[in-house]
Amino acid sequence: MKITADFHTHTRYSHGTGTVNDNAVNALSLGLRAVAITDHARNHPIVGVKQSKLDAIRQDINAVDKEYRNIKVLMGLEANIISKKGDIDVSEEDAEKLDLLLLGFHLTAYQKSLADYFALPFNGVTRIFFKNSAKQKAVNTQAVIDSVLRNKIDILTHPGFRIDVDYYAVAEACREAGTFMELSSRHRIPDISGLEQALKAGAKFIVNSDAHKPVNVGRCAYALDLIGELGLTDNEVVNISDKPITFRRGLTV
Ligand SMILES: [Zn+2]
Ligand SMILES: [Zn+2]
């Protein structure tokens, strides 16, 4: 089993090591039919993509896309959750310039207010040492749910990474909204029990590499092992066959 398209990869436009072309060449060598360039959005410290760079990135991606007939090269961004109410750091206006909008929780992302630092990342730090309390888990879960319901997110990246969430509840929101949940090989998350809970709620999954180096594009061993173990098919995981995938924002690949 393998993935047929990788919708989450990074380049030097944030803190990846390769170019758009490098990622495309690696994806092509694995026979993928699409690869998305999804660098970190602006609230990611230091490396986040500034709004003023979006047009230049789009031109670069379109030029590479034109170069290769057998692969689609798509433009996305990996937005950050920046408040406990589910605000994100990509405006709808900017999102309309993209093919895909991804969203993830990142511990270091600039938050909207001091209260939001205490609501989310602060607890993400203590989470390194202790599990989040039930109360904290509820706050985390609600923030993730609100961010998915309030914004047109195509893919929720590495759900549960650095932040404990109720997978069933998050998955229900994703199913309702039409947002795919990511099975992340890079962060090895969700684990098997989180994945089972999310599947029970009817969420659809997508497997991505989250590659920060071109050589890792399309590499998803952890996720593919889990899929094999649970006997999942393209009914549950959308990018392990050649069936067209329609995303929430409208893209069909
Ligand atoms: Zn991420
Ligand atoms: Zn990423």
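Author: What follows sets values from this predicted model against the cut-offs behind the terms.

Reader: What makes N235 exposed?
Author: N235 has 9 other C-beta atoms within 10 Å, so N235 is exposed. N235 lies in the segment after helix 9 (221–230). In space, N235 and K204 are 7.7 Å apart, C-alpha to C-alpha, and in sequence they are 31 residues apart.

Reader: Why does D166 count as buried?
Author: The cut-off for buried is 20 or more other C-beta atoms within 10 Å. D166 has 21 C-beta neighbours inside 10 Å, so D166 counts as buried. D166 sits in the loop between strand 5 and helix 7.

Reader: Which residues is D166 in contact with, leaving aside its neighbours within four places in sequence?
Author: They are K137 and T141.

Reader: How do you know that the buried residues of helix 7 line one face of the helix?
Author: The buried residues in helix 7 (residues 167–177) are Y167, V170, A171, A173 and C174. Seen down the helix axis, they fall within an arc of 160°, so they line one face of helix 7. An α-helix has 3.6 residues a turn, so residues three or four places apart point the same way.

Reader: What covers the buried residues of helix 7?
Author: The cover includes helix 6 (134–150), strand 5 (155–156), strand 6 and helix 8. Just after helix 7 comes G178, with a positive phi of about 85°.

Reader: Why is helix 6 called roughly parallel to helix 7?
Author: Helix 6 and helix 7 pack at an angle of about 5°, and their axes are 9 Å apart. Angles under 35 degrees count as roughly parallel, so helix 6 is roughly parallel to helix 7. On the helix 6 side the contact is made by T141, V144, I145, V148 and L149, and on the helix 7 side by A169, V170, A173, C174 and A177.

Reader: What makes strand 6 mostly covered?
Author: Five of its five residues are buried. F180, E182 and S184 point one way from strand 6, M181 and L183 point the other way, and all are buried. In a regular strand the side chains alternate between the two faces of the sheet.

Reader: How do you know that both faces of strand 7 are covered?
Author: In strand 7 (residues 205–208), F205 and V207 are on one side, I206 and N208 are on the other, and all are buried.

Reader: What makes strand 6 and strand 7 a pair?
Author: Two strands pair if at least two bridges are found between them. Strand 6 (residues 180–184) and strand 7 have four bridges, in the parallel sense. M181 stands opposite F205 in strand 7, and E182 has I206 as its bridge partner there. From strand 6 the chain passes through helix 8 (residues 192–200) to strand 7, a right-handed β-α-β crossover.

Reader: How many bridges are there between strand 5 and strand 6?
Author: There are two, in the parallel sense. The cut-off is at least two, so strand 5 and strand 6 pair. L156 has M181 in strand 6 as its bridge partner. Strand 5, helix 7 and strand 6 make a right-handed β-α-β unit.

Reader: Why do strand 1 and strand 7 stand at the edges?
Author: Seven strands form an open sheet in the order 1-2-3-4-5-6-7, with parallel pairing. Strand 1 (5–9) and strand 7 each have a single partner strand, so one side of each is left without a neighbour in the sheet.

Reader: Which strands does helix 1 lie across?
Author: Helix 1 (residues 20–29) lies across strand 1, strand 2 and strand 3, and runs at about 145° to strand 2. Helix 2 (residues 54–67) also packs on the sheet, where it touches strand 2 and strand 3; its direction makes about 150° with that of strand 3.

Key
Residues numbered from 1 in each chain as written. Chains lettered and ligands numbered in written order. Predicted model: local features only at pLDDT ≥ 70, side-chain atom pairs only at ≥ 80, totals over all residues. Buried ≥ 20, exposed ≤ 12 C-beta atoms within 10 Å, placed from the backbone. Right-handed = clockwise from strand over helix to strand, strands pointing away. Arc of directions from axis to C-beta. Contact = placed C-beta atoms within 7 Å. Axes fitted to C-alpha atoms, helices over the stretch in contact; angles between N-to-C directions. Parallel < 35°, antiparallel > 145°, perpendicular 65-115°, else oblique.
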